[in-house]
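Subject: Handing over the structure

Hi there,

Here is the structure I promised to pass on to you. Have a look at it first, and then read on for what turned up in it.

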Amino acid sequence: FGACPAYSVTVYGDGTVVYEGVDFVKVEGTRTAQIPQEKVIELVNDFYEIGFFELRDRYEQQVSDLPSQTTSITIDGSTKTVFRYGFEPEKLAELEDRIDEVAGTEKWVK
């Protein structure tokens, strides 16, 4: 309901970043960038470090007008997706921030 940024960012194994700005972002539409493959490897390791594959598929707080995020990863053809509405778990929120940091979304979102 609010003015939270609405966008998606996809980071591919070769370092390609695809951003899609929808609403309440600095840049609407699609943008692409390239990051070093080492950063992609670090990001994948971050998923493993927080136990992403063991997280529940959904985390929802029973309040209105919070931001929501969907985070997913595909490795060897297998995909794990987690939807989060609210502030928990903290380690997932930190991973989402890390994805934005590595992908460099700030230049398009803020």
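**Charged pairs**

Let's start with Arg98, which makes a salt bridge with Glu101, their closest N and O atoms being 3.1 Å apart. By salt bridge I mean a side-chain nitrogen of Lys or Arg within 4 Å of a carboxyl oxygen of Asp or Glu. Both Arg98 and Glu101 sit in helix α2, 3 residues apart, or about one turn of the helix. Helices (H or I, at least four residues) and strands (E, at least two) are DSSP runs, numbered from the N terminus.

Before going further, a word on the ground rules: this is a predicted model, where local features need pLDDT of at least 70, side-chain atom pairs count only at pLDDT 80 or more, and totals for chains, interfaces and linings use all residues. Residues are numbered from 1 along each chain as its sequence is written, and side-chain values use heavy atoms, with hydrogens and water left out.

Back to that pair. Arg98 counts as buried because its relative accessibility is 19%, while Glu101, at 58%, counts as exposed. The cut-offs are these: buried means under 20% relative accessible area, exposed means over 50%, and partly exposed is in between (1.4 Å probe, protein chains only). Salt bridges with shared partners join Arg98 and Glu101 with Lys39, Glu42 and Asp46 into one network.

Arg98 also forms a salt bridge with Asp46, and here the closest N and O atoms are 2.8 Å apart. Asp46 lies in helix α1 (residues 37–49) and Arg98 in helix α2, so this pair ties together parts that are 52 residues apart in sequence. Asp46 and Arg98 are both buried.

How many salt bridges does the structure hold? The count is 7. Another one of them brings together the side chains of Lys80 and Asp57, at 2.8 Å from N to O. That pair links distant parts of the chain, with Lys80 in strand β6 (residues 78–85) and Asp57 in the loop between α1 and β4 (58–60), 23 residues apart. Lys80 is buried at 12% relative accessibility, whereas Asp57 is partly exposed at 47%.

**Aromatic rings**

A search of the whole structure turns up 5 aromatic pairs. One of them is Tyr19 with Trp108, a stacked pair with 4.9 Å from centre to centre and 25° between the planes. For the terms: rings of Phe, Tyr and Trp (its six-membered ring) pair if their centres lie within 6.5 Å, and planes under 30 degrees apart count as stacked, over 60 as edge-to-face and the rest as tilted. This pair, too, links distant parts of the chain: Tyr19 is in strand β2 (residues 16–23) and Trp108 in helix α3 (residues 106–109), 89 residues apart. Tyr19 is buried, with a relative accessible area of 0%, and Trp108 is buried at 7%.

The rings of Phe52 and Phe53 have centres 6.0 Å apart and planes at 90°, so they make an edge-to-face pair. Are these two residues buried or partly exposed? Phe52 is buried, with a relative accessible area of 0%, but Phe53 is partly exposed at 29%. Ring pairs join Phe52 and Phe53 with Phe47 and Tyr48 into a cluster.

Most residues other than glycine have a negative phi, and most peptide bonds are trans. With that in mind, take a look at the peptide bond from Glu88 to Pro89, which is cis, with omega near -5°. Pro89 has its place in the loop between β6 and α2.

Which residues have a positive phi although they are not glycine? Phe24 has one of about 55°, and this residue is in the loop between β2 and β3. Asp76 has one of about 50° and is found in the loop between β5 (68–75) and β6. Asp76 is exposed, with a relative accessible area of 81%.

**One more contact to look at**

Gly29, which is in strand β3 (residues 29–34), is partly exposed at 22% relative accessibility. Gly29 and Tyr7 are 22 residues apart in sequence and 9.1 Å apart in space, C-alpha to C-alpha.

That's it from me. Enjoy looking around!
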